[in-house]
Amino acid sequence: MFLGLGAAFAIGALGYDLGSLLEMGPGYVPLALGVVLAALGLATAVKAYVAPDPAPGAAPAGAVADAGVSDGPLDGPATDGGAADAEELDTRPLAGIQWRPTVGVFAAVTFFALTIDGLGLVPATFGTGLLAALARPGTHPVRALVIAVSLTLASWVIFVVLLQLRLALFGDWLGG
C-alpha cells in the first residue's frame with residue numbers, strides 16, 4: 001500500500017514544476033515525500049520476505065510466556081508453558097494478518113476520501129476517526145467517540161485556526 005501510494009504521489013508530482021533545491025517548485029515536496037513513502041513500502045515488503053521465519057514452536061516476537069497463569073474459568077487448564085504445549089505455526093499465506101484493523105483503517109481512509117467534499121471537514125473527520133477507532137478489536141464505543149471528537153477538534157484547530165485554510169466545515173450534502 002505504501003509503495004503504491006508513494007509511487008502515485010511521485011508520478012503525480014512530476015506534472016508540476018520541480019524547481020531546484022534552493023528554489024523548490026510546487027512538485028518538489030510531493031515528489032520527495034512520494035519517493036520516501038515508496039522506499040519505506042519497498043523496504044517493508046522486502047523485510048517481510050527476507051526476514052527469517054521463527055523456529056517451529058517458538059513464541060512470536062513480543063509474546064510473553066503464559067507461566068501457568070490462568071485468566072479465568074474459560075481459559076481451560078493452566079499449563080506449564082513448556083515446549084510440548086506450543087501450538088504449530090500457521091504457515092498459510094496471509095494467516096498472520098489481522099483483518100478487522102486492516103479493513104477498518106482502509107474503510108476509514110476511503111470514507112474520508114469519498115466524503116470530504118460533500119460532508120465537509122467536521123463530519124468527514126469525525127466519521128473517519130470513529131471508523132478507525134472502531135477498527136481495533138475491543139475498543140469501547142465511548143473511547144471511540146472520544147478519539148473521533150479529539151481528532152475532529154485537532155483537525156479544526158490545525159487546519160482552520162492555525163493554518164487559516166479556507167475549508168468548508170460542513171459541505172454541500174449538509175447544506176453548508
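Helices (H or I, at least four residues) and strands (E, at least two) are DSSP runs, numbered from the N terminus. With that in hand, welcome to a predicted model, in which local features need pLDDT of at least 70, side-chain atom pairs count only at pLDDT 80 or more, and totals for chains, interfaces and linings use all residues. Residues are numbered from 1 along each chain as its sequence is written, and side-chain values use heavy atoms, with hydrogens and water left out.

**The whole chain**

- The protein chain holds five helices and zero strands, in the order α-α-α-α-α along the sequence.
- Of its 176 residues, 16% count as buried (buried means under 20% relative accessible area, exposed over 50%, partly exposed in between, with a 1.4 Å probe and protein chains only).
- Among contacts (heavy atoms within 4.5 Å) with a separation of 6 or more, 54% join residues 24 or more positions apart.

- Helix α4 covers residues 121-134, and its 14 residues should span 20 Å at 1.5 Å a residue; the end C-alpha atoms are 20 Å apart, which agrees (the expected span is 1.5 Å times one less than the number of residues).
- Buried residues of α4 include Leu121, Pro123, Ala124 and Ala133.
- The cover over the buried residues of α4 includes α3 (99-119) and α5 (141-162).

**How α3 meets α4**

- The axes of α3 and α4 come within 8 Å and cross at roughly 175° (axes are lines fitted to C-alpha atoms, for helices over the stretch in contact, and angles run from 0 to 180 degrees between N-to-C directions).
- The two helices, α3 and α4, are therefore roughly antiparallel to each other (a word used for angles over 145 degrees).
- On the α3 side, the residues that meet α4 include Phe111, Phe112 and Ile116; on the α4 side, Leu131 and Leu134 are among those that meet α3.
- The residues of this contact divide into twelve nonpolar, five polar and one charged (Ala, Val, Leu, Ile, Met, Phe, Trp, Tyr, Cys and Pro count as nonpolar, Asp, Glu, Lys and Arg as charged, and the others, Gly among them, as polar).

**After α5**

- Gln164 lies in the segment after α5, and its phi is near 55°, a positive value in a residue other than glycine.
- Gln164 counts as exposed, at 64% relative accessibility.
- Leu165 also has its place in the segment after α5 and is partly exposed, with a relative accessible area of 40%.
- Leaving aside neighbours within four places in sequence, Leu165 is in contact with Phe159 and Val160.

How values were computed:
Parallel < 35°, antiparallel > 145°, perpendicular 65-115°, else oblique.
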